[in-house]
Amino acid sequence: MLPPEGIDSQKLHGAPPMMPWQAFADWIGMGDEPIVVRTWVERGYLPSLKVGKRVMVNVALLTKELLERE
């Protein structure tokens, strides 16, 4: 599934390959609406992986998908 239209691949420059979804929300400027990012993860709009109790956004895969979209 393709990531949401509102995410700019330029915002992901320099990001680690994976990060917790809450940190990802802050990283892309959605820290005031983290539930939106959580919903994107739950609906499969953002590539993610559960590591232990944490849900991590696969930033490397997301960046690849966004660059392929351009």
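At 55% relative accessibility, E68 counts as exposed. The model described here is predicted. In this model the side chains of E68 and K64 meet in a salt bridge, with N and O 3.1 Å apart. K64 is partly exposed, its relative accessible area being 46%. Both E68 and K64 belong to helix α3. They sit 4 residues apart, about one turn of the helix.

A search of the whole structure returns 2 salt bridges. R38 and E42 both lie in helix α2, and the spacing is 4 residues, about one turn of the helix. R38 has a relative accessible area of 23% and is partly exposed. E42, at 57% relative accessibility, counts as exposed. The cut-off for exposed is over 50%, so E42 passes it. Buried requires under 20%, so R38 at 23% is not classed as buried.

Helix α3 also has a buried face. Its buried residues are V59, L62, E65 and L66. These residues cover an arc of only 125° around the axis, so they lie on the same side of α3. They pack against three elements: β1 (18-20), α1 and β3. The N-terminal end of α3 is capped by N58. A side-chain oxygen of N58 lies 3.4 Å from the backbone nitrogen of A60.

N58 also takes part in strand pairing. Within β3, N58 stands opposite M18. β1 and β3 pair in the antiparallel sense, over 3 bridges. β3 pairs with β2 (residues 48-51) as well, again in the antiparallel sense, and this pairing has 4 bridges. One of the pairs joins L49 to its bridge partner M56 in β3. β2 and β3 form a hairpin, with 2 residues between the strands. G52 lies in the turn and has a positive phi of about 65°.

M56 lies in strand β3. At 16% relative accessibility, M56 counts as buried. The cut-off for buried is under 20%, so M56 falls within that class. Leaving out residues up to four places away in sequence, M56 touches M18, M19, P20, P47, S48, L49 and V51. P20 is 36 residues from M56 along the chain, yet their C-alpha atoms are separated by 4.3 Å. Another of the contacts of M56, L49, is also its bridge partner.

The largest nonpolar core has 15 residues. F24, V37 and L46 have the most contacts inside this core. At least two residues of the core come from each of α1 (21-27), α2 (34-42), β3 (54-58) and α3 (59-69). In soluble globular proteins, nonpolar side chains tend to be buried together.

Notes: Residues numbered from 1 in each chain as written. Predicted model: local features only at pLDDT ≥ 70, side-chain atom pairs only at ≥ 80, totals over all residues. Heavy atoms only, no water. Core = buried A, V, L, I, M, F, W, Y, C linked by side-chain atoms within 4.5 Å. Buried < 20%, exposed > 50% of the residue type's maximum accessible area, 1.4 Å probe, protein only. Salt bridge = Lys/Arg side-chain N within 4 Å of Asp/Glu carboxyl O. Arc of directions from axis to C-beta. Contact = heavy atoms within 4.5 Å. Polar contact = N/O pair within 3.5 Å; in protein donor to acceptor, adjacent residues only side chain to side chain. Pairing = 2+ DSSP bridges.
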